[in-house]
Amino acid sequence: MCGPGCRVCAQAEEQFNAIRTESLAQRRRFDEPERYPYAAGKHTLHRTDCRQIKESVGRITLYDSVWMQGALTELAHHGTTNSGWATHMRVMDRQEAAAWITERNGPRGGVRYRLCRICTPVLPADK
Ligand SMILES: [Zn+2]
Ligand SMILES: [Zn+2]
């Protein structure tokens, strides 16, 4: 059972803090869409102002410690980060977006990413 001093939770704490730190960094970028106009999930590139992104970046500011403990427990025991605190998106400037695309262009010319059909991002210009 999970309770104070739970070892499973203690072991997940480092991972939890890492995800949270990363989510805070992404969230700050999300507030600067001029500088960071692109955002990407695993396979799909968006514009930062896409409504799907707004739903995925996560709420960061509302937490009290009880709530945080709940989110940690969820991660530790279920391996999930679904409560809205974790960012499942990368928010990127033009250069990073170009690199993201390059990473997803297969060596034989296959393309392994999609452009969002809601926000229809324009690809960053090639250098
Ligand atoms: Zn626990
Ligand atoms: Zn989109």
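1. The largest pocket in this predicted model has a volume of about 150 Å³. Its lining is made up of Ala40, Gly41, Lys42, His88, Met89, Arg90, Trp100 and Arg104. Sorted by class, that lining holds three nonpolar, two polar and three charged residues.

2. Threonine 81 sits in the loop that runs between α3 (65–78) and β3 (90–92). Is threonine 81 buried or exposed? Its relative accessible area is 13%. The cut-off for buried is under 20%, so threonine 81 counts as buried.

3. What does threonine 81 touch, leaving aside its neighbours within four places in sequence? The contacts are Ile19, Glu74, Leu75, Ala86 and His88. One of these, His88, is also among the residues that line the largest pocket.

4. The zinc ion (ligand 1) has its own site. Cys2 (SG), Cys6 (SG), Cys9 (SG) and His77 (NE2) coordinate the zinc ion (ligand 1), at 2.0 to 2.3 Å. Along the chain, these donors follow the spacing C-x3-C-x2-C-x67-H.

5. Which geometry does the site of the zinc ion (ligand 1) have? The site is tetrahedral, with angles of 102 to 116° among the four donor atoms. For reference, the ideal angle for four tetrahedral donors is 109.5 degrees.

6. Cysteine 2 has a relative accessible area of 34%, so it is partly exposed. Cysteine 9 is at 5% relative accessibility and therefore counts as buried.

Notes: Residues are numbered from 1 along each chain as its sequence is written. Chains are lettered from A and ligands numbered from 1 in the order in which they are written. This is a predicted model: local features need pLDDT of at least 70, side-chain atom pairs count only at pLDDT 80 or more; totals for chains, interfaces and linings use all residues. Side-chain values use heavy atoms; hydrogens and water are left out. On a 1 Å grid over the protein atoms alone, a cavity is a set of points where a 1.4 Å probe fits but cannot get out, and a pocket is an open set with protein on both sides within 12 Å along at least five of seven lines; lining residues have an atom within 4 Å of a point. Grid points are joined across faces, edges and corners, and a volume is the space filled by probe spheres set on the points. Ala, Val, Leu, Ile, Met, Phe, Trp, Tyr, Cys and Pro count as nonpolar, Asp, Glu, Lys and Arg as charged, and the others, Gly among them, as polar. Helices (H or I, at least four residues) and strands (E, at least two) are DSSP runs, numbered from the N terminus. Buried means under 20% relative accessible area, exposed over 50%, partly exposed in between (1.4 Å probe, protein chains only). Contact means heavy atoms within 4.5 Å. Donors are N, O and S atoms within 2.8 Å of the metal (3.2 Å for Na, K and Ca); water is not among the atoms, so sites may look incomplete. Four donors count as tetrahedral if all angles lie between 85 and 135 degrees; four count as square planar and six as octahedral if opposite donors are over 155 degrees apart and all others between 65 and 115; anything else is irregular.
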